[in-house]
Amino acid sequence: MVDLEDAGRRLAVGVSVETPPIEAVRNRADRIARRRRLAAVSAAAILALGGIAAGIVSTRGGSSSSLQVVNRPSPAVSGPAPTGVSSYVPSGVTPALPFPPSPVSVPRVIGMTYDQANLAVDQVNLGIAISLVDSDTVDPGIVISQNPAPGSTATTFFTTVSVAVSDGPTQPLTGPSCRSQDLRLDFGGRVSEMTGQNTTDLVLTNISGSICNLFGYPTVTLLDQAGKVLPFEYSHTGDMMTTSAQPRVVSLRPGWSAYVRINKYRCDVHADDTAAALRLAVPGSSSPPLSSSFSGFSLDYCAEAASTTVTISPFESTELALFDQH
Amino acid sequence: MARDEDEFSEWYRDQHRRVVASLMAVSGLVDAATEAADEAFARAFLAWDRISTTGQPDAWVFRVALNHLRRQMRRSGLERRFWSSQPTQAAPSPELPDSSVWQAVRTLPLRQRTALVLRYVADLPEAEIARAMGIRRGTVAATLAAARERVATELSRTESEEAVRHG
C-alpha cells in the first residue's frame, strides 16, 4: 500500500516552483483593490446614469468589432499608494470615492498620438473609447477626431470621450516591397502583459527615402547568448495578447513605422535557455535579415508544452492594432 | 501594521509552495495552479486582518485558490478536457516525485481528489479540509476513505498491468 503521507510531503517540497517575492503579492493585491474600487465607481455610475461604456472599436474593412478597454478614469491612482496590510479597506466596507462627479472641459486630443490622448483624457478623469479608422490624410497612430468636441462640458467619471485614430491609408500606396536595408529594427515600449505572458513589440521604421510596403508576417528567429538558434515553434494564429487579424498591406512613407508583436507564455518550472537576440527577415527580401539584441526584456526557452510556441502578429500600422481583438 | 505584514510574509513563504503543489496535483496544470495560488495569496493579503484572526488562514487560502482554479478552467474551456477524471491523463509534471501515485490520484472524481490532496499535500486537518471545500466534516472522512481505497485499487491495477507487460 502506497504511503500517501510520504508522497504528499515529497510533492509539497519537491515541486520546483519559485515563490514570488512579497512585493509581487503586494502589487497584485493593489491591483485587486483598485479593481474593486473601480467596480464600485462603475456600479454607482450605472445606477446613476443607466450605464457607461468604454472600448475600442475597429472599423477596419468596413466591419466594426469591439476591442479591449484601453483606459477608464481610475480614481484609485490619485490616492496615496498602499503601504501595508492595514492600509487596505476591509471588504464589506464601502471605500471612499472621489464623488460627487464634477463638470470638466473636454481637452482637445485631435492631432495627438493615442498614448498622449489617453493621458490627457485620464488627467481630467474622463474615460476614453478608441476606434481605428483608415485615413488618407492623417498619419497612422494619430487622433483624427473626437466626440464630445474640445471645450465642451463633460462630467468626471461619467463621460467617455470617443476618439478615432488613424490606422493608415485606405489603399496601399504605390511602392515596392520593403527590403531589410530599407528598415531599422527597434524594440517598442513595454506592453502591460496578462499574467504569465511575455510580450514585446518590434518597430520597423522606413529609413529609405521612398515609400515601401510590408505584407504578411516577418520570419523571426530567436537566439541565445551564444548565438545558438532556439528551437521555438512560431504561430500566426494570435493569442490572448496578440491580434489574430489577417495580414493587410502596411504602407510606409519615409519615417513611418510598422509594428509586430511577439508573445509567449512564460516557463513555469524551469528555463533551459534564454533568448538574447532576434533576427527578423521581411517577406520577399533576399537581403540579410535585421538583427537586434534584447535589452531589459527576456524570453525564456523551455520544453514545457505551453511555452514552446511564440506567437507572431502580422505587420500592423499602429501598436494599438497588435492587441487581441475580442 | 508592520507586524501584520511580517506575519503575513512568514505565512506566505511557508505556504506558497504547498498551495501550488496541491493545486498542481488537483488540476495537473502548472500554469493554472500558479496563477490561482498567486491570486489567492494576493486576496489573502487584502483580507489578512480578518482571516488571520480566524486561526484558519490555510483553509481560507485553499478555498479561494480552488474557486479561482475552477473559474479559470471554466473560462478557458479547458475544464472538460483537464478537469474531468481521465485514467490516461498525465501526472502533474514529469519531474515530480511519485508520478504513478499522482497519476492514480488524477483518476479520482474531483471531490475525492481535492480532499486527498488537501489532506496529504496541503497537510490540512479534516476540519480545515471541510472548511476549504465547503462540505461537512463527516463527509470529509468518508470521502477520504473512499479516495484512499480507490487509489490503492488503481495502483495495484497499474502495477499488475506493468508486471504482465514486463513478465
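The legends below describe close-up views of a predicted model.

Residues are numbered from 1 along each chain as its sequence is written, while chains are lettered from A in the order in which they are written. Local features need a pLDDT of at least 70, side-chain atom pairs count only at pLDDT 80 or more, and totals for chains, interfaces and linings use all residues.

**View 1. Confidence along chain A.** The pLDDT, which is the predictor's confidence in each residue from 0 to 100, averages 79 in chain A, where 79% of the residues score at least 70. Over residues 50–97 of chain A the pLDDT is below 50, although this stretch has 99 contacts in the model beyond near neighbours in sequence; two residues are in contact if their C-beta atoms, placed from the backbone, lie within 7 Å.

View 2. Because 18 other C-beta atoms lie within 10 Å, A:Ile211 is partly exposed, a class between buried (20 or more) and exposed (12 or fewer). Leaving aside neighbours within four places in sequence, its contacts are A:Leu173, A:Gly175, A:Ser251, A:Leu252 and A:Arg253.

**View 3. The side of chain B that touches chain A.** The contact takes 42 residues from chain B and 34 residues from chain A. On the chain B side, the largest share, 14 residues, comes from α1(B), helices being DSSP runs of H or I with at least four residues.

**View 4. Helix α2 of chain B.** In α2(B), 17 of its 17 residues are buried.

Conventions:
Helices (H or I, at least four residues) and strands (E, at least two) are DSSP runs, numbered from the N terminus.
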